[in-house]
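Here is a short briefing on a protein model. Look over the sequence and the structure first, then read the notes below.

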There are 2 protein chains.
Amino acid sequence: MTATAPEQNPTGSGEALRRLLYPRSIAIVGASDNPTKLSGRPLDYMKRFGFTGRILPINPTRSHVQGLPAYRSLDEVEGDIDLAMIMLSAEQTADAVRDCGSRGIPTAIVGASGFAELGGEGVALQRRLKAAIEESGVRVLGPNCLGMIAVRDRAMPTFTSALDEDVPLTEGPVAFLSQSGAFGSFVFSESQNLRIGISHYLNTGNEVDLSVAELLDGLVRTDQTQVVLAYLEGVSDGRRLLDAARYAYAQDKPIISVKVGRSTAGATAAQSHTASLAGDDAVFDGVARQYGILRVDGPEQMLDAAQIFATGRRLRGRRLTTLSVSGGAGALMADAAAARGVEVRAWDETWQAKMASVIPAYGSARNPIDLTGTLVAEPDILRRGLQVALEHPETDMIAVLLGCADSQSAELIDAIEVANSSTDRPVVVVWTGGSGRPRQRLRELGIPCYTDPGRAAAALGLLADFSLRPPLPTPQRPVGIDDAAARDVLTQARAAGRVQLDEYQSTRLIAAYGVPSAASRPVGSADEAVAAANELGGAVAVKLLSDRIGHKSDIGGVRLGLVDADSVREAAADLLRIAREAHVEDARLLVQRMAAADTELFVGVKRDPVFGPVVVVGFGGVLVEALADSRVAAAPVDTDTARRLLLSLRGSRLFGGLRGKPPRDLDAAAEIVARLSCLAADLSDDIAELDVNPLLLGAKGHGVVAVDALAVLSSAASSGATVVERL
Amino acid sequence: MTATAPEQNPTGSGEALRRLLYPRSIAIVGASDNPTKLSGRPLDYMKRFGFTGRILPINPTRSHVQGLPAYRSLDEVEGDIDLAMIMLSAEQTADAVRDCGSRGIPTAIVGASGFAELGGEGVALQRRLKAAIEESGVRVLGPNCLGMIAVRDRAMPTFTSALDEDVPLTEGPVAFLSQSGAFGSFVFSESQNLRIGISHYLNTGNEVDLSVAELLDGLVRTDQTQVVLAYLEGVSDGRRLLDAARYAYAQDKPIISVKVGRSTAGATAAQSHTASLAGDDAVFDGVARQYGILRVDGPEQMLDAAQIFATGRRLRGRRLTTLSVSGGAGALMADAAAARGVEVRAWDETWQAKMASVIPAYGSARNPIDLTGTLVAEPDILRRGLQVALEHPETDMIAVLLGCADSQSAELIDAIEVANSSTDRPVVVVWTGGSGRPRQRLRELGIPCYTDPGRAAAALGLLADFSLRPPLPTPQRPVGIDDAAARDVLTQARAAGRVQLDEYQSTRLIAAYGVPSAASRPVGSADEAVAAANELGGAVAVKLLSDRIGHKSDIGGVRLGLVDADSVREAAADLLRIAREAHVEDARLLVQRMAAADTELFVGVKRDPVFGPVVVVGFGGVLVEALADSRVAAAPVDTDTARRLLLSLRGSRLFGGLRGKPPRDLDAAAEIVARLSCLAADLSDDIAELDVNPLLLGAKGHGVVAVDALAVLSSAASSGATVVERL
């Protein structure tokens, strides 16, 4: 992990990012002689912590700044400058960026606030800054950001409060990207308290140029960074984030993210805080799952996970062996593990006997293994117990549970360290109570250590989820999509000036993507309805058909289960009257063969402003209404992804077939979801929203059938821009 | 909080418990001169920490023990002895307890292990100990326990490792009861690291005499203890626990509990650990909710809550105002709060203006309130912001979010302390990063402080749940219960040697409790079935009726929706044939009027081995099968409790009436649950289990109707013992 060059990334920004992330020379434009002022801090930090490159204070009025020779301008500096930290007022910043461009400096960090986050005049200043960036070609981090720490080289173009005091810094494979400055700094500080090895800490600020997604992409393309922590408030270029996530996923580099905006209050606060769009939380949640981003609730969970991911170890299975000084702690760990999908299984008798032979008779060799309190006086029990656990072939990971025992901790830690060094399986410790010194010592040895079993279990669960993630899908376009037919439907609708398609046209559209609907006939009169019903045979539904009526049920526009000519005729006449009363003069009717009542799904597609076209699935009927049980994925998805999406629904046991029903046709449902997701991706310029609801799901082998569909067209066929401008 | 006498409790054990919890003289039987040996530690601890009462070492072979004058036997001691700590081998313990009894010592703690937890010979030793206890009348804590710490008086009859090192102890209103010794000690140690004020720490061990429930009851009856923390592995006398919880609830004393056994692995581990019965976790979970026990997942959550409950403050509402140095932290807090039922609402414009006048222009006065990083240099911003928040009438609680800033912390802490002292509303702090010293200082000032917003929000959520809990119900017996009719059904069944009631008899039984069923007629032949169907009118169901068939659907014993004589006759003949083929020669049939399809509930009652009769409710059909959505409460419950039980179901939105349906008759459902819970309580000796499934729930005002019921009789009419003997 010594090479530093980011691999070339598709956007060609690799070289600039490399010089931002690993600068060998940093100019501080507007460096103050006062080390406590914001504009004095970057220099102070780099002096104190010992930046290994050149520090270049730029100050037109001083020959020396904080004891270092200063330059009156960038032009006076000889040799390359990798990075300029611009510590001027918002008004002066755009010019300074142009100066960087003239001087050939590839990257700059803008610390000043007073841009778009303030509104008003600040918005204009940010536009000026953006223009300067575009004209100069300088890549800029910020504005309104605290800057960056590159731990290995002690490159610290930052005025974060986290370096106020002399703290021991731990270098390592974990990068931390934060859209919040102050809070990010606090969390960085905690990471150092926990001895988590950090490669970089970056605060993104207003992201006028470099977005959190592009920075994340750059980080995962360095050799040093093996894990990325991300505190996110709002992502502008969602698709780029997903590209970076996909690359990280393939490279076995986990992204662990806190994303605010789960609640309305949180989303509003994030928005007012950084002028960023928090976005639809369900969409973020869905695409994060889809792309292997591990979403956690807060910084402690993020750092808990970082401790274990920083070891670089992976799991081959979910089986945890716990060795405990206390039966109580072991029982609690077993509960906590189960809640996180980690298994604490009883060992088989042969292995129990092996373990029993090295632990006290009143202990338990079953797993959770109770080594008993004797352990504290006889650390050899722990040593031998760990040895047996490491030999045990069905132990995928080990948790050691201890507590207090400060004065006996050295030998216990030694036993753990020996075991940890002799395996590539994850070993974690829960050490509750006492002074905390043993915990800190273990972390210094690179052994994750927690105070509470539940937090250790949560971190192990995330490691299991990531280690055992499914392979990245190779997107495959379903066969038999009739692009021409789909275009035809849309062209007709556009020509007729429609804003939405009626059910029949919507049905034709999804049919072009291979999605079957219940047989139906559009008709114009009650007589035609009777004829169509005869032709279809059996019970029929009659529905109002108009592109001016969205939710026809709401106005009583649907009649179900009509079995004879009289009732069809009566229903048809009735519906046409309703349409007239609603001033829908051109309404027609759809006569549709009734499908047997069955498990109901809904599948929707829509264009998310952040992540572009997405597909939403859920159970229809009671489940979705009572529980809001739905899941989102970025479109398109292949059938494997669609199947996982469906199986991740809370009501997924319904696919197994309940109440005496045979299993449902999950394969068919997954295929239809994949097909509709293709439609979403192909037609994202034209289709604002399309709902298939219900989609009736038959028994295995019997497929699915759509019973209603409604497509809403985009208000203007846009250029497909899915990126919200970040001011 | 200086008075110490427990109020008299119903069991009359108050005086003994008082002397256990507040001993003025402690004999240590078997005290060792070696302070590091287990039997030397209690004396060492009490000397070092300074027990305010008399320490009486009993050792037949030494004149002095650890420098204190020793006695050869208990009889040599003059004056009262409140408590004996027996540190002898398991074999010697029973005799020592008898000696205590002869000497008039009311209470003893038995530290030795080697009793029932070992099995074999240990079980016999525990029986001997139990006999000695019963004969001597001495109340005993243990055996196999670490003893007790009474913090105020430094009474420390314990050999817990938590006192190994000299730690500052904090006295206060929080008692901690633990069924795990080692783990309990670690958690006690953490509580002291967090400066949580503790009254007592007790480890219960094998509970041969004093159970965790009785100890809990004793603690909540002291003036000093205002909060109880309980680490539970298995409760033997469930009803006693509920009595104690009810008393605590009424006295405004929260019980915060970690209970292992959520998972099978955890339950098994707990069981093998202390030979205790973990019990049915869903039952514990249900009764805990019912009796206001705050169940948390692990020790950190328990201590997080204890920090805030130790302040004694309560909430009048759920509205949180957050004042933050970082917009990011505020946004995260808003999310975390929402997840815990705590509201971060935007302030109204008038109050926003007041706040805006005291904070920087680029901050946010909206709530979450962003005081901005300027705060660190100008602590007066925090001071003024807190002042406005305290004046704001819709602020029920305040969270201050800070980080790092060690060197500026004194003034910030002072501002918080001033605000905290001037209000009785809860004030908590989240201080992320930095050295941790500010956190510790705040805790020393009695101000709850956390590192992560999520943990603060969880603790505030628990405080809100407890503060705003519903009043304790005054149990009211529903009118119109026909005890004689119920007895009659059971007597007949017992006389006929039945083990279960058929559907018709089950229906009669619940009818006696005022639970309506769909109209039905028991018949013996196909002809009688046709006649009954005619009499009932409309569509009917025909079902096999036999007390030898439990789940008649499983053998095809139910025919639904029969509308004419032929189909009734055919179904009846068919069912009788099925019965004959199943060798149920005496089967009859039940002809039942079909009820309209509607929202389905199920209500079950059963006798739990720990908590006695309980009632279980859930939605029928898809929801219960797909989601296992059910809730449990100890019987009987009144209608208010029943309503809350129903509304706590995950699918509770169904009561509102979904898919165009009007709201359901929740009142009627609650009444029926209350009635069936009365049946459970009244007939707990006779009824092992009774299921009403489905109970069809009509629209508001239309009531409910049972469509099937099955009662299983107890194998022997027992004495109603619900207490499992704890060996």
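Chain A and chain B bury about 5500 Å² between them, with 60% of that area coming from carbon and sulfur atoms. Buried area here is the accessible area (1.4 Å probe) that two parts lose on being put together, summed over both. This is a predicted model: local features need pLDDT of at least 70, side-chain atom pairs count only at pLDDT 80 or more, and totals for chains, interfaces and linings use all residues. Side-chain values use heavy atoms, without hydrogens and water, residues are numbered from 1 along each chain as its sequence is written, and chains are lettered from A and ligands numbered from 1 in the order in which they are written.

**Interface of chain A and chain B**

- Chain A gives 77 residues to the contact, and chain B gives 77 residues; contact means heavy atoms within 4.5 Å.
- The rule finds 6 salt bridges across the interface (a side-chain nitrogen of Lys or Arg within 4 Å of a carboxyl oxygen of Asp or Glu).
- Arg437(B) and Glu165(A) form a salt bridge through their side chains, at 3.6 Å from N to O.

**Helix packing in chain A**

- Helix 1 (residues 14-21) of chain A packs against helix 6 (residues 212-220) of chain A at about 80°, and their axes are 10 Å apart.
- Axes are lines fitted to C-alpha atoms, for helices over the stretch in contact, and angles run from 0 to 180 degrees between N-to-C directions.
- Helix 1 of chain A and helix 6 of chain A are therefore roughly perpendicular (65 to 115 degrees).
- Helix 1 of chain A makes the contact with Leu17(A), Leu20(A) and Leu21(A), and helix 6 of chain A with Glu214(A), Leu215(A), Gly218(A) and Leu219(A).
- Helices (H or I, at least four residues) and strands (E, at least two) are DSSP runs, numbered from the N terminus.

**Backbone features in chain B**

- Most residues other than glycine have a negative phi, and most peptide bonds are trans.
- Gly142(B) and Pro143(B) are joined by a cis peptide bond, with omega about 0°.
- Pro143(B) sits in the loop between strand 7 (139-141) and strand 8 (148-150) of chain B.
- The bond from Ala635(B) to Pro636(B) is also cis, omega near 0°.
- Thr372(B) has a positive phi, near 70°.

Methods
Parallel < 35°, antiparallel > 145°, perpendicular 65-115°, else oblique.
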